[in-house]
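The tour goes from stop to stop, with something to select at each one.

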Amino acid sequence: MIDGIEVLKAFQVHRGDSIVTTNGTIGRRWPEVSTNPNRDLRLSGSMGHTTPAAFGLALGLPGEKVVIIDSEGALLMNLGVLASIAGKAPKNFVHFLLDNECYATTGGQPVPNAQRIDYAGLAKSAGYASTHHFDDLEDLVTSMGTIMNEEGPVFVSVKIEAE
């Protein structure tokens with residue numbers, strides 16, 4: 001598993017001028033890493049609804065790259081959004097899912113079946129244009145530039161350590 005803050009740092013290097021929104025416990029640490037806060041969209045208290053909001057933003061602003069840094073607990077609350085995103089296929093949408101196998105925001109309860117859920121596989125089956133999974137920081141870092149240049153929707157699941 002990877003330290004979540006290291007994922008944020010690896011992404012920041014390749015962020016460019018993307019609009020970024022975050023979710024979950026590690027998402028709260030994004031302001032520590034972001035070098036372009038004017039392009040950060042804070043949606044506090046919207047667990048389970050940040051992904052649809054980012055998706056709507058991507059549809060409404062097709063000329064802008066929109067990135068969500070999501071958590072598995074929030075995505076599980078609204079799993080149907082994967083099909084909606086894949087169906088509309090916004091080319092400007094990148095969906096990072098940071099999976100720490102627990103509901104960290106509500107006290108660290110374990111996500112049921114956490115070690116067996118293949119989130120990248122779910123996104124691929126839903127119809128995302130490109131999907132990736134990482135549990136090694138070096139692999140993620142070397143792939144980040146390519147990922148950020150792919151045509152979306154792109155889904156990237158990353159196993160991270162619980163905070």
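Two rings of Phe, Tyr or Trp (for Trp, its six-membered ring) count as a pair if their centres lie within 6.5 Å; planes under 30 degrees apart are called stacked, over 60 edge-to-face, and the rest tilted. By that rule, the structure holds four aromatic pairs.

The model is predicted, so local features need pLDDT of at least 70 and side-chain atom pairs count only at pLDDT 80 or more, while totals for chains, interfaces and linings use all residues. Residues are numbered from 1 along each chain as its sequence is written, and side-chain values use heavy atoms, with hydrogens and water left out.

**Stop 1: two aromatic pairs**

Select Phe-11 and Trp-30. These rings form a tilted pair, 5.5 Å centre to centre with 45 degrees between the planes. Phe-11 belongs to helix α1 (residues 4–14) and Trp-30 to helix α3 (residues 30–33), so the pair links distant parts of the chain, 19 residues apart. Helices (H or I, at least four residues) and strands (E, at least two) are DSSP runs, numbered from the N terminus. Both Phe-11 and Trp-30 are buried; buried means under 20% relative accessible area, exposed over 50%, and partly exposed in between (1.4 Å probe, protein chains only).

Now select Tyr-128 and Phe-155. Their ring centres are 5.5 Å apart and their planes stand at 85 degrees, so this pair is edge-to-face. Tyr-128 sits in the loop between α7 (119–126) and β7 (130–134) and Phe-155 in strand β8 (residues 154–159), so the pair ties together parts 27 residues apart in sequence. Tyr-128 is buried at a relative accessible area of 5%, and Phe-155 is buried at 0%.

**Stop 2**

Then select strand β4 (residues 93–99). How many of the residues of β4 are buried? Seven of the seven are, so the strand is largely enclosed by the rest of the structure.

In a regular strand the side chains alternate between the two faces of the sheet. In β4 both faces are covered: Phe-93, His-95, Leu-97 and Asp-99 are buried on one side, and Val-94, Phe-96 and Leu-98 on the other.

Show the strands that pair with β4; two strands pair if DSSP finds at least two bridges between them. Strand β3 (residues 66–71) pairs with β4 in the parallel sense over six bridges, and Val-66 has Phe-93 as its bridge partner. β4 and β8 also run parallel, joined by six bridges, and here Phe-96 stands opposite Val-156.

**Stop 3: Met-144**

Select Met-144 in helix α8 (residues 137–149). Is Met-144 buried or exposed? Met-144 is buried, because its relative accessible area is 0%. Leaving aside neighbours within four places in sequence, Met-144 is in contact with Ala-10, Phe-11, His-14 and Phe-96, where contact means heavy atoms within 4.5 Å. Draw a distance line between the C-alpha atoms of Met-144 and His-14: they are separated by 6.9 Å, although the two residues are 130 apart along the chain.
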